Amino acid sequence: MDSDLFSRRRAERFAQLLDEANGGRRHHVRSRADDELAALVAVSRRLTADRPDVEVDTEFRTGLRAMLVATAEREGVTAPAKTGLRGSLLPAMTGRRARARGAILVGVAAGAIALSGISAASENAVPGDALYGMKRSTERAQLALASSDISRGQLFLDFARTRLDEAATVRDDRLGFSAVLDDMDADTRQGVRLLTTVAAQRSDPAALDAVDTFLGGQRRAVSGLLDRSDHADRDRTRRSLALLDAAGRRADALREAIACGLPAPAASDALGPAPTTCPGDR
């Protein structure tokens, strides 16, 4: 499927969902992207309802305006010079189409703000902090805005690194420590599965490079958590290390399968396609 068309359809569906959330007419359709986009809709509504006290500098404001104007031009909305941004982008459109186009622009603005000043305020939040929910919502918004499975896979691996940093911070709270490692492992599986699937479908090991880079640093960092004095916590940490080892074996097996020309594996599990052994290795 054409990636531009796919991204446009996601944007249009996001516009519909945001329109509905703001009291507009319900659209009796469902999309596979609805679950991902719901997180972005939630962030947009929170930004509208609870305006955070974040200082936006002039450079960011100028850049955001330029991005919105460029988006408006792509969407066929005229923006007369020397008028306010809100008044200039929407006056030529009325009814449902105006709400839909306006929702796209609001979503772009909400996403840009969420990924800038507001996310900066929450990026160091850990479980239990007031801003931790916003931090995780921002991550879900990033996933919703990602344009490809490779981008989403890399984001999940980035989030797994973030969860590891959080685990080191909450290590004195056994329940909190275990919960963060659970989230870290879930992000690891999602990221590895997306990237291995792309590699298998394209018969191209390039996507596996991101997996290898992630595993190298993540193994060292997770091993650093084994100095905990609590036996149960060490056992929990070893489970995360075992997952990383399994992901490494999967990536290696896929590289070998691609190198010897095997077709994309039919079998799959939480780490993605499970290749068979090359004929010469049996």
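Select Ala200, Ser203, Leu254, Ala257, Ile258, Leu262, Pro263, Ala264 and Pro265, the residues that line the largest cavity. A cavity here is a set of points, on a 1 Å grid over the protein atoms alone, where a 1.4 Å probe fits but cannot get out, and lining residues have an atom within 4 Å of a point. The structure viewed is a predicted model, in which local features need pLDDT of at least 70 and side-chain atom pairs count only at pLDDT 80 or more, whereas totals for chains, interfaces and linings use all residues. Residues are numbered from 1 along each chain as its sequence is written, and side-chain values use heavy atoms, with hydrogens and water left out.

**The cavity**

With the lining still selected, consider the space that these residues surround. The largest cavity holds about 50 Å³, and the structure has one cavity of 30 Å³ or more. Such a volume is the space filled by probe spheres set on the grid points, which are joined across faces, edges and corners. Colouring the lining by class gives eight nonpolar residues, one polar residue and no charged residues. In this scheme Ala, Val, Leu, Ile, Met, Phe, Trp, Tyr, Cys and Pro are nonpolar, Asp, Glu, Lys and Arg are charged, and the others, Gly among them, are polar. Helix α10 supplies the largest share of this lining, with three residues.

**Helix α10**

Next, select residues 231-259, which form α10. Helices (H or I, at least four residues) and strands (E, at least two) are DSSP runs, numbered from the N terminus. The expected span of a helix is 1.5 Å times one less than its number of residues. For the 29 residues of α10 this gives 42 Å, and the end C-alpha atoms are 42 Å apart, so the two values agree.

Within α10, pick out Leu241. Is Leu241 buried or exposed? Leu241 counts as buried because its relative accessibility is 15%; buried means under 20% relative accessible area, exposed over 50%, and partly exposed in between (1.4 Å probe, protein chains only). Following α10, Gly261 has a positive phi, near 80°.

**The disulfide**

Move on to Cys260 and Cys278, which form a disulfide with their sulfur atoms 2.1 Å apart. A disulfide is a pair of cysteine sulfur atoms within 2.5 Å, and a search of the whole structure finds one. Cys260 lies in the loop between α10 and β1 (268-269), and Cys278 in the segment after β2 (272-273), so the bond ties together parts that are 18 residues apart in sequence. The torsion about the S-S bond is about -80°, so this disulfide is left-handed. Cys260 is partly exposed, at 35% relative accessibility, whereas Cys278 is buried at 8%.

**The aromatic pair**

Select Phe156 and Phe159 in helix α7 (residues 149-169); being three residues apart, they are separated by about one helical turn. The structure holds one aromatic pair. The ring centres of Phe156 and Phe159 are 6.5 Å apart and the planes meet at 80°, so the pair is edge-to-face. Rings of Phe, Tyr and Trp (its six-membered ring) pair if their centres lie within 6.5 Å; planes under 30 degrees apart count as stacked, over 60 as edge-to-face and the rest as tilted. Phe156 is buried at 12% relative accessibility, and Phe159 is buried at 6%.

**The whole chain**

Finally, display the entire protein chain, which has ten helices and two strands. Of its 282 residues, 41% count as buried.

Notes. On a 1 Å grid over the protein atoms alone, a cavity is a set of points where a 1.4 Å probe fits but cannot get out, and a pocket is an open set with protein on both sides within 12 Å along at least five of seven lines; lining residues have an atom within 4 Å of a point.
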